[in-house]
Amino acid sequence: MRGLTVGVIGGGIGGLSAALSLLAAGFDVQVYERSRALGEVGAGVQVSPNASRILHNLGLAGELARVGVKPLALHQRRWDDGRTLLRTPLGEPLEDRFGFPHYQAHRADLLAALAAAIPPERIHLGHRLTAFDQTHDRVRLRFAAQDDAEVDVLVGADGIHSDVRGLLFGPERPRFTGCIAYRGLIPAERLEGLDIEVTAQVFMGPGQHFVNYYVSGRRLMNFVAIVEQGTWTRESWTDRGEVADALKAFDGWHPQVRGMLEAVDETFVWALFDRPPLPHWSQGRVTLLGDACHAMLPFMAQGAAQAIEDGATLAACLAAKSDDPAGALIDYERLRLPRASRMQALSSENKTRFHLHDGPDQEARDEAMAKGATDWSYDVVAWIYDHDAANPLP
Ligand code: FAD
């Protein structure tokens, strides 16, 4: 075991995957999660090859193959007639090109797979971090209702409302992106008449789009229905949504879209928030990871993937400079911040691209997509999917 103790705040996909990368690099890792149980929302997540590469190398290939679905393609379609705008193969051709598969998974399955690979005594539930004090060689952690702990390095993987981030750089509210998302899961047998392929589909239309893909061994269909909305006035960030409202918003859309919304029992509505890129993620022996430092719109399906990459690069930087943790965190930030910021910007730009109203701009977009010149063609996404975050140093 290397000498350093690393405390990770947050037991989400980012925190647990970072803990696994750090354990694999030989560090003493302790995860502190405020909830009494680990858990994820009932929804799907896409795990692209840049993330599956890391998870496979951490020993999760078997579990991902068991709980994940490998889609045939990413199929981007027009909102009303369903015409293909771009169809990018995601199955074997993608695996051949990038070396690792693309999975679609239920978030709870992915989180459970990560948690099962970490010794349980390293995950401390019911630990809400409220403060920390940093000296030149230690960080003291203070929790709401638990004893203090001491670590050599502190990693804030505590999500978009990150307390660690607030303690480091001061409070700042995330910004409402002008989009809300209805999310739901539908038993696959209810959709048999709709002939939905095992692809990730994106239906693009005026001011909104609809994403759907199978999860949980194809037993469930996951959907995310994004709608632009001027303000978010509810107090909570997520709420039970009315299926009728979603159906109204998608009036006139393709029969598969309508059919999925008609088949769902309940839907949750989320306000989508992001943050502008931060100038820095680290201070001394404390740093940030995942949504805590680069919350983004989900329109590149890269939020969790980038958090997984963060953990792999962080472990590599600390391993390379374990006698100088603060220096290692500077390396980590230098390697990660530009890439995550670029992903934040692209995710934001996709809001405009996906939501064009019918007219000249939409026609130009569709023409470019037909040539494979934009978006998810292999050449365009190679910088994302080819990235080896666990080996970032020259
Ligand atoms: P979180 O999952 O928010 O975890 C933070 C954890 O920290 C929580 O468990 C919380 O309880 C804990 N915590 C908070 N404060 C404290 C504290 N003070 N003390 C202790 N613990 C604390 N990404 C993809 O890669 N692919 C996709 O297909 C995709 N689809 C998405 C679809 C939608 C609609 C949305 C909204 C997001 C999507 N994302 C996707 C993004 C992805 O979900 C997030 O980027 C990712 O889950 C962030 O993980 P995280 O671990 O950084 O944060």
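## Charges over rings

The charged end of Arg-342 sits over the ring of Trp-383, 3.6 Å from the ring centre. Arg-183 does likewise with Trp-270, its charged end lying over the ring at 4.6 Å from the centre. Here a charge sits over a ring if NZ of Lys or CZ of Arg is within 6 Å of the ring centre and within 35 degrees of the ring normal.

A word on the model: it is predicted, so local features need pLDDT of at least 70 and side-chain atom pairs count only at pLDDT 80 or more, while totals for chains, interfaces and linings use all residues. Residues are numbered from 1 along each chain as its sequence is written, and side-chain values use heavy atoms, with hydrogens and water left out.

## Aromatic pairs

The structure holds 10 aromatic pairs. Rings of Phe, Tyr and Trp (its six-membered ring) pair if their centres lie within 6.5 Å; planes under 30 degrees apart count as stacked, over 60 as edge-to-face and the rest as tilted. Tyr-32 and Phe-143 have ring centres 4.8 Å apart and planes at 40 degrees, so this pair is tilted. Because Tyr-32 lies in strand β2 (residues 28–32) and Phe-143 in strand β9 (residues 139–143), the pair ties together parts that are 111 residues apart in sequence. Strands (E, at least two residues) and helices (H or I, at least four) are DSSP runs, numbered from the N terminus.

Elsewhere, Trp-79, Phe-210, Phe-223, Phe-250 and Trp-253 make up one aromatic cluster.

## Around the ligand

Of the 33 residues around the ligand, Gly-14, Glu-33, Arg-107, Asp-163 and Asp-291 come nearest; a residue is near if one of its heavy atoms lies within 4 Å. At least two shell residues come from each of α1 (13–24), β3 (44–47) and α9 (303–320).

An N or O atom in the side chain of Glu-33 is 2.6 Å from an oxygen atom of the ligand. Leu-129 brings a backbone N or O atom to 3.0 Å from a ligand nitrogen, and Ala-301 brings one to 3.1 Å from a nitrogen atom of the ligand. The protein covers 88% of the 1000 Å² of accessible area that the ligand has on its own (Shrake-Rupley method, 1.4 Å probe).

## A buried glutamine

Gln-256 belongs to helix α7 (residues 255–263) and is buried, with a relative accessible area of 8%. Its side chain reaches the backbone oxygen of Asp-195 at 3.3 Å.

How values were computed. A polar contact is a pair of N or O atoms within 3.5 Å; within protein, one must be able to donate a hydrogen and the other to accept it, and residues adjacent in sequence count only if both atoms are side-chain atoms. Buried means under 20% relative accessible area, exposed over 50%, partly exposed in between (1.4 Å probe, protein chains only).
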